[in-house]
Amino acid sequence: MNKRQHVQKSFERQRLLNKMMAKPGPFPYVLILDHLKVDFNIGKIIRSAEAFGAQGVDVVGTSFFDPLPAKGCMKRVPWSMKKTFQEAYQQRKEEGFVFYAFDPEAPMSLHQESFPDKSAFILGHEGFGFTFKKEHYPEIRWIKIPQIGKVESLNVSVAASIVMYEFVRSRNFETTPACR
């Protein structure tokens with residue numbers, strides 16, 4: 001069995017465990033991962049989603065990913081596979097989520113935003129960005145993670161962890177009765 005086959009088999013096992021065991025976290029936000037690389041970022045983001053109490057993660061545009069970086073968290077955080085961004089967007093819109101995406105040129109910084117319950121954070125591919133055009137989704141709010149250095153962007157799993165931390169921190173790490 002080659003490495004790809006091994007990863008796929010491990011992924012399918014984790015997918016079954018997720019369906020049986022996962023429960024939404026206590027904080028009212030989700031992540032939409034728009035066509036990320038399948039090697040390690042998706043698993044790391046799911047691991048952080050479990051640490052920061054996310055309700056779920058939508059993985060868009062891939063048929064499998066490496067579960068190893070999740071360190072066992074794939075069975076605890078609800079995640080789903082979506083073929084297109086539009087599919088994930090439409091479902092979360094019907095559920096009442098407010099959407100946020102990241103752009104270093106956005107006028108509003110992450111820490112300046114008051115995130116509502118039911119926030120959906122969209123993270124794109126590190127090299128190619130998002131698969132959608134801004135003008136097709138005018139409801140998406142654009143924010144930035146302020147940076148001091150000259151690096152063009154953060155690793156997507158690091159950016160995801162920062163936004164999850166900020167969401168939870170803005171609620172003083174306490175869930176509301178509606179979220180429990």
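This is a predicted model: local features need pLDDT of at least 70, side-chain atom pairs count only at pLDDT 80 or more; totals for chains, interfaces and linings use all residues.

Biologist: Which residues of the largest nonpolar core touch the most other members?

Modeller: The general idea comes first: in soluble globular proteins, nonpolar side chains tend to be buried together. In this structure the largest nonpolar core has 37 residues, and those touching the most other members are Leu31, Leu33, Val57, Phe65 and Phe121. At least two residues each come from helix 1 (3-21), strand 1 (29-34), helix 2 (41-51), strand 2 (56-60), strand 3 (79-82), strand 4 (98-102), strand 6 (119-124) and helix 4 (156-169). Helix 4 contributes the most, 7 residues.

Biologist: With which residues is Phe65 in contact, leaving aside its neighbours within four places in sequence?

Modeller: The contacts of Phe65 are Val7, Phe11, Val38, Ile42, Gly43, Ile46, Val59, Met74, Trp79 and Met81. Another core lies apart from the largest one; its 16 residues include Val60, Ala101, Ala120 and Phe132.

Biologist: How much space lies in the largest pocket?

Modeller: Rolling a probe the size of a water molecule over the atoms shows where empty space is left. Here the largest pocket holds about 480 Å³. Its lining comprises 22 residues, of which Phe102, Asp103, Pro104, Phe130 and Ser153 are the closest to the centre. Strand 6, strand 7 (141-144) and helix 4 each give two or more residues to that lining.

Biologist: Why is the pair of Phe11 and Phe65 called edge-to-face?

Modeller: A pair of aromatic rings is described by the distance of the centres and the angle of the planes. The structure holds 22 aromatic pairs. For Phe11 and Phe65 the centres are 5.1 Å apart and the planes stand at 70 degrees, so this pair is edge-to-face, the cut-off being over 60 degrees. Phe11 belongs to helix 1 and Phe65 to the loop between strand 2 and strand 3, 54 residues apart. Both residues are buried.

Biologist: How many degrees lie between the planes of Phe52 and Tyr165?

Modeller: Their planes are 80 degrees apart, with 6.0 Å centre to centre, and this aromatic pair is edge-to-face. Phe52 sits in the loop between helix 2 and strand 2, and Tyr165 in helix 4, 113 residues apart. Phe52 is partly exposed, at 21% relative accessible area, and Tyr165 is partly exposed at 38%.

Biologist: Which residues do ring pairs link into a cluster?

Modeller: The cluster consists of Phe85, Tyr89, Phe99, Phe130, Phe132, Tyr137 and Trp142. Among these, Phe130 also lines the largest pocket, and Phe132 belongs to the core of 16 residues.

Terms used
Residues are numbered from 1 along each chain as its sequence is written. Side-chain values use heavy atoms; hydrogens and water are left out. A nonpolar core is a set of buried Ala, Val, Leu, Ile, Met, Phe, Trp, Tyr and Cys residues joined through side-chain atoms within 4.5 Å. Buried means under 20% relative accessible area, exposed over 50%, partly exposed in between (1.4 Å probe, protein chains only). Helices (H or I, at least four residues) and strands (E, at least two) are DSSP runs, numbered from the N terminus. Contact means heavy atoms within 4.5 Å. On a 1 Å grid over the protein atoms alone, a cavity is a set of points where a 1.4 Å probe fits but cannot get out, and a pocket is an open set with protein on both sides within 12 Å along at least five of seven lines; lining residues have an atom within 4 Å of a point. Grid points are joined across faces, edges and corners, and a volume is the space filled by probe spheres set on the points. Rings of Phe, Tyr and Trp (its six-membered ring) pair if their centres lie within 6.5 Å; planes under 30 degrees apart count as stacked, over 60 as edge-to-face and the rest as tilted.
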